[in-house]
Amino acid sequence: MAVRPIVVWPDPRLREKTRPITEVTDEIRALYRDLVDTMYAYDGVGIAAIQIGVPLRMFLVDAGVAGIAERGASVDPVAFINPEVLDTSGDKEKAEEGCLSFPGIYVPVDRPRRARLRAIGLDGKTFESEGEGLFARAMLHEHDHLTGKLLVDFVGPLKKRQIKRKLERQVEPSGHVHGENCQHDHDHDEAEHAHGVAAVPVRSS
Ligand SMILES: [Zn+2]
């Protein structure tokens, strides 16, 4: 169990082709624990394995977002292994999405209101998951990661350049992303500080 570094765009590893998982082994369960730790450390509500540099077809969604627990309850996130989108329905809705691989960036994205996915769980069994609103959005966002699709693919070239400039200022050559626990002496512009961002911003009403 460990918090792993997040791969931040424009790192080309985010576009790598992902491979299906052939069997839920101890290694896959260890990967799941690392993804859980990393997702929580960065305050995300979803994460895909490729975001920690592992090009396997697996993502997680927070149990609160998935509607199986109160948000903040200590219920493990739901694992989606080899997921497929079976069906989407409902009018498209536009909402701002964030992504752990785009710290501090939010992009309005049109998505169908409902989505139904089939995947394999950590127990090795196939399940179907139907969600709407934020849950549908989270599943579709994470599923996009497995096909190499990213937030910048939803914006025009000008906005894409702006995002690139902003992230290049944030990420040092070491790949370090400034966070709340940084021990640096120098001051950061607050607006450019990479606070833990949710994979999908959750606005409490
Ligand atoms: Zn993402």
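Start by selecting Asp34 in this predicted model: Asp34 is buried, with a relative accessible area of 10%. Arg4 and Asp34 form a salt bridge, and their closest N and O atoms are 2.7 Å apart. Arg4 sits in the segment before helix H1 (26-41), while Asp34 belongs to helix H1, so this pair ties together parts that are 30 residues apart in sequence.

Next, move on to the strands and pick Glu93 and Arg113. Their closest N and O atoms are 3.2 Å apart, and the two residues form a salt bridge. Glu93 is in strand E3 and Arg113 in strand E4 (residues 107-120), so the pair ties together parts that are 20 residues apart in sequence. Both ends are partly exposed: Glu93 has a relative accessible area of 33%, and Arg113 has 27%. While you are here, select Glu84, Arg116, Arg118 and Glu128 together; salt bridges that share partners join these four into one network. In total, the structure holds 15 salt bridges.

Where does Ser74 lie? You will find Ser74 in the loop between strand E2 (58-61) and strand E3 (78-97). Ser74 is exposed, with a relative accessible area of 78%. If you also pick Gly64, which is 10 residues away along the chain, the C-alpha atoms of Gly64 and Ser74 are separated by 9.5 Å.

The last stop is the zinc ion. Which protein residues are its donors? Select Cys99 (SG), His141 (NE2) and His145 (NE2), whose donor atoms lie 2.0 to 2.2 Å from the zinc ion. Along the sequence, these donor residues follow the spacing C-x41-H-x3-H. The two histidines, His141 and His145, share helix H2 (residues 134-146), where they are four residues apart, about one turn of the helix.

How values were computed:
Residues numbered from 1 in each chain as written. Predicted model: local features only at pLDDT ≥ 70, side-chain atom pairs only at ≥ 80, totals over all residues. Heavy atoms only, no water. Donors = N, O, S within 2.8 Å, 3.2 Å for Na, K, Ca; no water. Buried < 20%, exposed > 50% of the residue type's maximum accessible area, 1.4 Å probe, protein only. Salt bridge = Lys/Arg side-chain N within 4 Å of Asp/Glu carboxyl O.
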